[in-house]
Amino acid sequence: MNDTNPLLQPWTAPFGLPPFELIRAEHFAPAFQAAMRQHRDELRRIAAQAEPASFDNTLSAFDRSGRLLSRVGSVFYNLTASETNPQLQAVQREMAGPLSAHDSAVYMDGALFARVDELFRRRDSLGLAPEQLRLLERVHLDFVRSGAQLAATEQQRYAQVMEQLAALTTRFAQNVLHDESAFQLALNGEADLAGLPDFVRAAARQAAAVRGIDGHVITLSRSLVVPFLTFSERRDLREQAWRAWTSRGEHDGEHDNREVARQILALRNQQARLHGHPSYADFALADTMAGTRSAVQKLLDEVWPRALAAVQRERAALREVMDGSAAEIEAWDWRYWAERVRQRRYAIDDAEVKPYFRLENMVEAAFDCANRLFGLRFSARPDLPVYHPDVKAFEVRNAADAVVGVFLQDNFARPSKRSGAWMSSLQWQSRNAPAFAGDGKRGGFEIPLILNNNNFAKGAPGEPTLLSLDDARTLFHEFGHGLHGLLSDVTYERLSGTQVLRDFVELPSQMFEHWITEPEVLERHARHWQTGQTIPPDLVRRMHAARQFNQGYETVRYTASAIVDMAVHSLPDAEAPADLCAFEADLLQRHGLPAGIGLNHRLPHFQHLFSGSGYAAGYYVYLWAEVLDADGYDAFTEAGNPFDPRVAQALKRYIYSSGNSLEPGAAYAAFRGRAATVRPLLKKRGLIEEVEPA
Ligand SMILES: [Zn+2]
């Protein structure tokens with residue numbers, strides 16, 4: 001069986017891409033088993049060497065190990081996120097435990113850790129290059145944070161906790177996907193479509209067609225439900241859509257996530273306690289730039305009261321366009337009335353903007369910016385293997401015409417894909433191990449194979465996919481992560497690409513968002529899909545003026561979610577609150593969350609927190625990174641050129657290429673010439689009144 005398993009055969013496609021067309025769900029379990037066995041053998045050889053530990057025979061070798069496992073795993077996780085099915089979901093449930101147990105066994109291997117620890121203690125006398133020292137410290141910390149230093153009985157308990165967490169986070173994600181693909185709001189006739197502009201109708205028709213329905217449906221895909229809430233004149237239908245959107249995972253029955261989340265929280269508390277921390281937030285933050293709960297709190301406190309004040313100003317503006325209506329503004333009303341303000345005050349509406357934001361043009365705009373900043377060129381390679389016909393493959397070359405990597409872009413929502421937008425990889429850049437070459441042999445170094453996933457509503461057959469400005473910003477955001485992977489230029493895989501501290505990881509992505517609103521970029525790329533005309537300068541001016549309106553609403557919603565995340569992960573109790581939804585509601589009330597705002601990341605479907613641990617006690621990272629990106633982008637503003645070559649060169653060297661080879665604070669300071677300040681963030685979000693010098 002393993003002789004014919006395509007996951008275990010040499011991959012002969014160009015760039016060592018996986019043979020997606022041959023891979024079936026039943027190939028994964030045996031491939032995982034074989035790959036874990038191979039990884040264990042590799043590690044046994046490292047640990048059993050007679051020679052004393054050296055950087056080369058231990059750290060370098062450790063960094064090279066487990067390639068087959070990461071190869072199989074990366075294909076698997078990309079498919080379960082973007083193109084899943086019940087068979088893959090069953091494998092996911094079946095393998096979560098064994099894979100977690102494998103991880104624990106690796107990091108609790110006493111003989112292996114003894115070698116790493118010995119080197120770590122002598123690290124200052126080993127004569128290591130800076131990146132080598134960084135790798136040693138990082139790997140040592142990986143071991144420690146995975147339980148290497150715990151007593152044997154504690155290690156056993158720790159491994160159990162991690163295994164249970166892996167099973168529960170898998171279940172949480174599958175429950176959310178279930179609720180998202182199960183819901184559809186059918187719109188019957190003109191009365192149900194009232195207020196919806198053509199682009200929303202087209203997207204709703206397409207969503208219906210995908211589900212084999214004639215007519216229009218609203219799904220819980222963000223790029224469909226948000227425009228519906230923004231434009232629909234049918235308050236009752238808005239309420240229905242809003243309630244469905246915000247109650248995912250919160251219902252009795254098989255897909256109830258409330259108890260799943262409680263169990264995850266209880267296990268995380270045990271995990272933290274085994275490490276000697278009172279709460280999970282303390283444990284998680286110890287390995288971040290922020291470092292402590294109080295540092296995060298300080299940032300949230302800086303923003304929260306200002307955002308509340310901004311929301312009050314915005315509410316007054318909403319009241320004005322409501323023309324004396326005494327109705328309460330409910331959560332399903334806010335976007336609708338905010339859109340009215342935008343239309344009246346700034347004479348701007350999404351329906352006017354979208355024809356200028358055709359998907360293909362925005363992709364081209366992102367490529368063009370990467371070219372002008374970093375010298376990259378993207379060429380379509382329709383011949384490369386992909387896992388779904390909607391995925392576009394590109395070969396990426398640098399200014400010297402050398403291949404940098406491969407970029408796969410998967411832009412459309414579908415029932416088999418989870419919600420949100422994200423970047424992932426099939427292979428990280430490194431120079432420590434020879435790559436799997438196209439002929440199945442190894443040669444050259446590993447180049448980054450990078451993916452971007454978005455969830456845009458696809459245009460109907462024969463019609464273009466038009467983005468909102470928010471969609472275009474999301475496209476640029478994920479592309480920024482993609483560049484962080486593609487431009488990576490480090491020796492060791494563990495330090496490559498986006499594998500940085502998690503409150504640094506959103507810097508390259510959020511930084512890149514700035515270019516989509518540069519007038520120069522819009523002028524070149526925002527062209528009307530029918531007439532080819534450039535977006536009128538007057539419309540750009542109005543877009544910029546309108547940009548800060550409703551920032552209070554956005555900031556309050558985001559910050560409230562970050563507050564909930566920190567609070568729920570800071571509890572020192574072994575048991576999570578009995579009623580998580582009541583805990584959330586009570587907390588927000590005490591923080592003075594204004595009525596009519598509503599959160600769309602509520603605990604029973606908050607995937608950042610519970611579909612994995614990457615953003616648990618870490619939802620604040622977007623704001624943390626925004627301090628850096630707002631301050632960092634000012635370097636271009638100060639240079640008077642959004643493509644200033646000198647600033648771009650420093651940005652590439654210290655931020656986009658350095659991976660985790662530099663300490664993040666030092667990397668930022670090297671780029672900017674100083675540490676970041678919070679003021680540009682507050683200014684960007686319109687949260688401080690600027691006093692112009694006379
Ligand atoms: Zn991001």
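This is a predicted model: local features need pLDDT of at least 70, side-chain atom pairs count only at pLDDT 80 or more; totals for chains, interfaces and linings use all residues.
Residues are numbered from 1 along each chain as its sequence is written, and side-chain values use heavy atoms, with hydrogens and water left out.

**The zinc site**

- The zinc ion is held at 2.1 Å by three residues: His 477 through NE2, His 481 through NE2 and Glu 506 through OE. Donors here are N, O and S atoms within 2.8 Å of the metal (3.2 Å for Na, K and Ca), and sites may look incomplete because water is not among the atoms.
- Along the chain, the donors of the zinc ion follow the spacing H-x3-H-x24-E.
- His 481 sits in helix α18 and Glu 506 in helix α19 (residues 506-513), so this pair ties together parts that are 25 residues apart in sequence. Helices (H or I, at least four residues) and strands (E, at least two) are DSSP runs, numbered from the N terminus.

- Five strands form an open sheet in the order β3-β4-β5-β9-β6, with mixed pairing. Two strands pair if DSSP finds at least two bridges between them.
- At the edges are β3 (377-380) and β6, each of which pairs on one side only.
- From one strand to the next, the twist averages 30 degrees. For such angles, axes are lines fitted to C-alpha atoms (for helices, over the stretch in contact), and the values run from 0 to 180 degrees between N-to-C directions.
- Strand β5 (residues 403-412) runs parallel to β9, and six bridges join the two. Bridge partners include Asp 410 with Asn 453 and Phe 412 with Phe 456.
- Strand β6 (residues 422-427) runs antiparallel to β9, and five bridges join them. Here Ser 425 stands opposite Ile 450 of β9.
- β9 is mostly covered, with eight of its eight residues buried. Leu 449, Leu 451, Asn 453 and Asn 455 point one way from this strand, while Ile 450, Asn 452, Asn 454 and Phe 456 point the other way.

**Helices across the sheet**

- Helix α17 (residues 359-374) lies across β3, β4, β5 and β9, and runs at about 155 degrees to β5. Contact means heavy atoms within 4.5 Å.

**The nonpolar cores**

- The largest nonpolar core has 142 residues, and those with the most contacts inside it are Phe 357, Phe 378, Leu 483, Phe 512, Trp 515 and Phe 671. A nonpolar core is a set of buried Ala, Val, Leu, Ile, Met, Phe, Trp, Tyr and Cys residues joined through side-chain atoms within 4.5 Å.
- Helix α14 (residues 293-321) gives the most to this core, with 12 residues.
- A second, separate core of 33 residues includes Leu 17, Phe 20, Val 75 and Leu 79.
- Leaving aside neighbours within four places in sequence, Phe 512 touches several residues, including Phe 476, Phe 479, Leu 483 and Tyr 656.

**Loops and single residues to look at**

- Ala 460 lies in the loop between β9 (449-456) and α18 (469-486), and is buried at a relative accessible area of 10%. Its C-alpha atom is separated by 6.4 Å from that of Ala 202, 258 residues apart along the chain.
- Most residues other than glycine have a negative phi. Asp 401, in the loop between β4 (392-397) and β5, has a positive phi near 65 degrees and is partly exposed at 40% relative accessible area.
- Asn 550, in the loop between α21 (537-547) and α22 (551-570), has a positive phi of about 75 degrees, yet is buried at a relative accessible area of 5%.
- Thr 246 is found in helix α11 (residues 235-246) and is buried, with a relative accessible area of 8%. Leaving aside neighbours within four places in sequence, Thr 246 is in contact with Leu 599, Asn 600, Arg 602 and His 605.

Note on methods:
Buried means under 20% relative accessible area, exposed over 50%, partly exposed in between (1.4 Å probe, protein chains only).
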